[in-house]
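Colleague: I would like to go through this model feature by feature. Please give the general idea each time, then the case at hand.

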Amino acid sequence: MTESTGVQLGLDTFGDVSLGSDGHLISDAETIRNVVDQAQLADEVGLAFFGVGEHHRREFAISSPEIVLAAAAARTSRIRLGTAVTVLSSDDPVRLYERFATLDAVSQGRAEVILGRGSFIESFPLFGYDLQDYETLFEEKLDLFTQLMTEKPVTWQGTTRAPLTEADVFPKTARGLKAWIGVGGSPESVVRTARHGLGLMLAIIGGPAYRFRPFVDLYHRSLDAFGREALPIGVHSPGHIADTDQQAWDEAYAGFEAMNNTIGRERGWPPYSRMRFQHDVGPEGAIYAGSPETVARKIVDTVQTLGVSRFDLKYATGTMPHSMLMRSIELYGTRVAPLVQEMLADSRQPVR
């Protein structure tokens, strides 16, 4: 298991709707069942964490992560199960806490939640929220959620939902719920995470890892300023693993191109290209794609540069078929994880 190195290796997926054997997109239902199969394999190969993201758009099948994770809990025994991320701004903190406390029960204490504002906005109009309240919604709901984490009666008042007076929330967990905040690169978000005493999950989806070192240092300084003990820091980045670099790049490119161009049309990005992809899989990019050896070296560099305790590979991007994703997971657990352990252990050996 990767925990023995002090660095946990996990996996994330948004439940991207993928291609079937006939070259056509499979259904949302089959995609979700495939994700549960992927979680089971991740558990079997000894990985530390499996996370599913919440989205409300055509490209992704998972809009209710806790239900998918509960299904995964019934098929796994060791791996921790959580989100990547939960869009707290458009959810109700009380119901959200109840759902994750329930997941924690059915998984025997393996539940985690990564809270965030999300990089997409579809959930706001879908659930009747005004984007003008974007910042207030997240700040108030995060404040309430962290109070609920004490599992004591809560008295709370804000502007985004009805007040609570000595409200007790059930079920209770056996050992408390582990929570992180997903941060994309805002100093204010880093300080907020430290103020609320939650783990920091850095979503590095562009550029080299070393650009995020100032955020790590800011988090440590902020924890000290708020009088809090050290808390975990993790990284979430996309990638894909195959037997060789070229195979991994060839398998992954079409999915990355399709996803980047779909989102890019909405946000005014230039068309994605193979040249851009090859840059992104190199040392200055945020895609961890290649052979087990290539991916392991890049993960080790990130871990050492940022001093993080967990690395979550977003292993599904675009329409890559289920069979490719399963092979990527297998190689991540059986070859990448041991290589990362060995490289980190070797780097700790004293120079003679």
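Colleague: Leaving aside its neighbours within four places in sequence, which residues is Gly333 in contact with?

Modeller: Contact means heavy atoms within 4.5 Å. On that basis Gly333 touches Val45, Leu47 and Pro338, its neighbours within four places in sequence being left aside. This is a predicted model, in which local features need pLDDT of at least 70 and side-chain atom pairs count only at pLDDT 80 or more, while totals for chains, interfaces and linings use all residues. Residues are numbered from 1 along each chain as its sequence is written, and side-chain values use heavy atoms, with hydrogens and water left out.

Colleague: Is Gly333 buried or exposed?

Modeller: Buried means under 20% relative accessible area, exposed over 50%, and partly exposed in between (1.4 Å probe, protein chains only). Gly333 has a relative accessible area of 8%, so it is buried. Gly333 lies in helix H11; helices (H or I, at least four residues) and strands (E, at least two) are DSSP runs, numbered from the N terminus.

Colleague: Which residues have the most contacts inside the largest nonpolar core?

Modeller: In soluble globular proteins, nonpolar side chains tend to be buried together. A nonpolar core is a set of buried Ala, Val, Leu, Ile, Met, Phe, Trp, Tyr and Cys residues joined through side-chain atoms within 4.5 Å. The largest one here has 91 residues, and Leu11, Leu47, Phe50, Phe277, Ile299 and Tyr332 have the most contacts inside it. Helix H11 (residues 322–347) gives the most to this core, with nine residues. Another core, of five residues, lies apart from it and includes Phe60 and Met259.

Colleague: Which residues of helix H2 are buried?

Modeller: In H2 (residues 65–75) they are Pro65, Glu66, Val68, Leu69, Ala72 and Ala73. These residues lie on the same side of H2 because they cover an arc of only 155° around the axis, the arc being that of the directions from the helix axis to the C-beta atoms. Ile67 and Ala74 are exposed, on the face of H2 turned away from its buried side. The buried residues of H2 pack against helix H1 (28–44), strand E2 (49–52), strand E3 (80–83) and helix H3 (93–106).

Colleague: What do the buried residues of H3 pack against?

Modeller: Their partners are H2, E3, strand E4 (86–87), strand E5 (112–116), helix H5 (134–148) and strand E7 (164–167). Among the buried residues of H3 are Leu96, Tyr97 and Phe100. Just after H3, Gln108 takes a positive phi of about 60°.
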